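Q: Before we look at single features, could you show me the model and take me through how its side chains and its chains are to be read?

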There are 2 protein chains.
Amino acid sequence: MKNECIDCVCVIKSMHTLQNCQVEELEHNHAVVKFKKGNFIIRQGMFSTNVVFLRKGVAKIHIAGPYREQIVRLVKGPTYLGLPTTFGDKINQYSVTAVLDCEACFIDLNVFKAILDDNRNFSSFIIQALSKSELESYRRCANRTQKQARGNLADVLLDFSDHIFNSDEFFLPISQSDIGNWVDASRESINRILSEFISDDIIAMNGRKITIKNKSLLQLISQNG
Amino acid sequence: MKNECIDCVCVIKSMHTLQNCQVEELEHNHAVVKFKKGNFIIRQGMFSTNVVFLRKGVAKIHIAGPYREQIVRLVKGPTYLGLPTTFGDKINQYSVTAVLDCEACFIDLNVFKAILDDNRNFSSFIIQALSKSELESYRRCANRTQKQARGNLADVLLDFSDHIFNSDEFFLPISQSDIGNWVDASRESINRILSEFISDDIIAMNGRKITIKNKSLLQLISQNG
DNA sequence: ATTATTTTGTGATATGTGTCACATTATTTC
DNA sequence: GAAATAATGTGACACATATCACAAAATAAT
């Protein structure tokens, strides 16, 4: 358990000025928790005084919409999870659920803030992370609304392949209805398009195992709606 | 021109620790520029070493999508404009266009960063602003995708009335096609729904002047899709 | 003022996808 | 390992909205 924080990516990245005493303070004010897939890591509406750092695993961020839960993004550790939720309010503004087994580090908010105050590199690291994240949501917005289901599903598959699993062969971590919810399509549409992709020999499916067989065509579909 | 920065909302908010020398440094490293409606304030793809603070006016943030420009949000001064764009990259990642006459303050990025480093209150103010902004985009995402055109248009009208103009009577600052683009509907649909709202006596229109006549009904429509 | 351009208004039609319905697997759960 | 629950497959159909096609206003440009 020793030196856990030292190994944390975000700590490493701002190591040059994060003093040993600060690392130690982190060390004594955090708790590493494991989550099996399907479990909540952060729950909308709950009171919280922690910052959460996702060390390992994949999780979905979802928020209560007017009718149903809406998945807004999928994240992969290592990354901070609860920054936007934690800074505005002490009540969590969205939920995070593990879609694969996860390991998360809960840091006391006050300790986190104190280190943020003491350490300019750390705070600028956080500012950059938040900025990137917002940019990403702009891009997603532009993509999702302009493409139709085929293109968005292609995007999701490419995202899994390129960013989450770094392989052309992977197990779908979420159900088809979740994919549908995420890209704003019905479960049935996702299913139909997947079959279509299979019969067009773009992918192969074996249960939830997906093999991308024609990536360039998939990229084309992703681009052309 | 003196004491311009002192009057800036963001400066005021972090005044307790922003030292006079810092304000002065801001004072000497910024430029206030006026924009007529329709003009670019920030242009995607352009090199920039400034942080932009929108002092007055209303502007739209839009980003190049796969097919067309996509409006992602409307903002009203006073607010920072280019934070996400400026921190990741020196190339602007999206555009901002004045939809009403605007007044923006261009601050040198290095000066801004230096003050950020020196001033913990200021940087935590920025972190909070970014967090809020990201939260907002989650919420918008959940709303837009789950509601249909009527509900989204109702949202837009309420947003104008409640947040931008603070009045039940206002001039639409953007065209119907822009509204359509923003809420992911066609110009024609927006037009038809507006007519519907008029004949249902929910709003009145006189050119671009809108009068909300039945706000509670509008709120109902906003909630129920 | 007169032309050019952008916005708005409205029908007719096409179409992508949602919804419903039900059968068939997988996967939990006890 | 049986029962219960959740996740898939796939057809038939409905429907919200996009698209196309023009006409009429309203703005902007010369």
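A: Let us begin with one residue: B:Phe53 has a relative accessible area of 4% and is therefore buried, where buried means under 20% relative accessible area, exposed over 50% and partly exposed in between, with a 1.4 Å probe and protein chains only. This is a predicted model, in which local features need pLDDT of at least 70 and side-chain atom pairs count only at pLDDT 80 or more, while totals for chains, interfaces and linings use all residues. Residues are numbered from 1 along each chain as its sequence is written, chains are lettered from A and ligands numbered from 1 in the order in which they are written, and side-chain values use heavy atoms, with hydrogens and water left out.

Q: How many aromatic pairs does a search of the whole structure find over all chains?

A: A pair of aromatic rings is described by the distance of the centres and the angle of the planes. Rings of Phe, Tyr and Trp (its six-membered ring) pair if their centres lie within 6.5 Å, and planes under 30 degrees apart count as stacked, over 60 as edge-to-face and the rest as tilted. Over all chains the search finds 18 aromatic pairs. One of them joins A:Tyr80 and A:Phe112, edge-to-face, at 5.6 Å centre to centre with 65 degrees between the planes. A:Tyr80 lies in strand β6 (residues 79-80) of chain A and A:Phe112 in helix α5 (residues 109-118) of chain A, so this pair ties together parts that are 32 residues apart in sequence; helices (H or I, at least four residues) and strands (E, at least two) are DSSP runs, numbered from the N terminus. Both A:Tyr80 and A:Phe112 are buried, and ring pairs link A:Phe53, A:Tyr80, A:Phe112 and A:Phe122 into a cluster.

Q: Where does A:Gln146 lie, and which backbone atoms does its side chain reach?

A: A polar contact is a pair of N or O atoms within 3.5 Å; within protein, one must be able to donate a hydrogen and the other to accept it, and residues adjacent in sequence count only if both atoms are side-chain atoms. A:Gln146 lies in helix α6 (residues 120-146) of chain A and, at 7% relative accessibility, counts as buried. Its side chain reaches the backbone nitrogen of B:Tyr67 at 3.0 Å and the backbone oxygen of B:Arg68 at 3.0 Å.
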